[in-house]
Amino acid sequence: MDGAETGEAVAPVDAEGEHRRSLRRAATMTAGFGIAYSVLFLLAAWLMSSVPGARASDQEIADFYNSGDKRRVILVGLYLMPFAGIAFIWFIVALRMWISFSVRRENALLSNIQLVSGIIFVTLFFASAAANSVLAASMEFSDAPVDPVVAREFPQFGNSLLFVFGMRMGAMFVFTTSNIGRAAGTLPRWFTYLGFAVGLFMLLSASFQPWFVLVFPIWLLILSGFLLYRARQIPASLVVPPRPPIVLIRP
């Protein structure tokens, strides 16, 4: 016998409350993965930043790659990069979940550009990390001699992938995320303007300076902090008050 037959109280399904809880989980997941990516990427980039540049002398290059301690620092950064990429992939998916819970109607064009640019960005910084560390890996796992010409070309190739191509894809990700947040009203106006400025800077800057790689993860850290703040605010401001049970009595 069910509640309708016995006159027992039947509580309705609180669809709105479940939506709020889903929104909170999505915002928390997005913030967590965004912070994880930013920290791992910055740490890996810092460890790999000691690779000799194009202006290093032949002796400096030989001394660096013949030093086991210095090579292993580069390899530690290399092995951290895949975890940064995994965190970013989870971040993209969680961000799209949060957007789908936050808006009634998504912009399909911006949503697809956001997804594709994020995936290409991950691919490019993976390839860049491999190019910057290939000499260190070669010296660590084989007895091949150091060729100063090759030792200069591979890091330059890696930097070209990241600074010329990867940063442009990152700019597209920043533009689309800021546009989606602005249209939906889920991001504050000052942050969307900041996103447009950051995206324009990443799109138009022509620099191989190491600090350039800090721009995107720092922007993402700010976004993650805002989402974490929003997630904590959801229960206090948006939780639906409990409703009295509905009593159904069968005549």
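Predicted model: local features only at pLDDT ≥ 70, side-chain atom pairs only at ≥ 80, totals over all residues.
I looked up the largest pocket and found about 590 Å³ of space in it, where a pocket is an open set of points on a 1 Å grid over the protein atoms alone, with protein on both sides within 12 Å along at least five of seven lines. A volume here is the space filled by probe spheres set on the points, which are joined across faces, edges and corners. I noted that 24 residues line this pocket, and that the closest to its centre are Met48, Ser49, Asn159, Phe163 and Pro210; lining residues have an atom within 4 Å of a point. Helices H2 (15-48), H5 (108-141) and H6 each supply at least two residues of that lining, helices being DSSP runs of H or I with at least four residues, numbered from the N terminus.

Residues are numbered from 1 along each chain as its sequence is written, and side-chain values use heavy atoms, with hydrogens and water left out.

Next I searched the whole structure for cavities of 30 Å³ or more and found one, a cavity being a set of points where a 1.4 Å probe fits but cannot get out. Its lining is made by Trp98, Ile99, Thr177, Ile180, Gly181, Thr186 and Leu187, and H6 gives the most to it, with three residues.

I then turned to how H6 packs. H3 (residues 58-65) and H6 (residues 148-184) pack at an angle of about 80°, with their axes 9 Å apart, axes being lines fitted to C-alpha atoms over the stretch in contact and angles running from 0 to 180 degrees between N-to-C directions. The two helices are therefore roughly perpendicular to each other, the term for 65 to 115 degrees. I listed Asp58, Ile61 and Tyr65 of H3 and Pro148, Ala151 and Arg152 of H6 as making the contact, which means heavy atoms within 4.5 Å.

For H6 and H7 (residues 189-204) I noted an angle of about 160° and axes 8 Å apart. That makes H6 roughly antiparallel to H7, a label for angles over 145 degrees.

Notes. Parallel < 35°, antiparallel > 145°, perpendicular 65-115°, else oblique.
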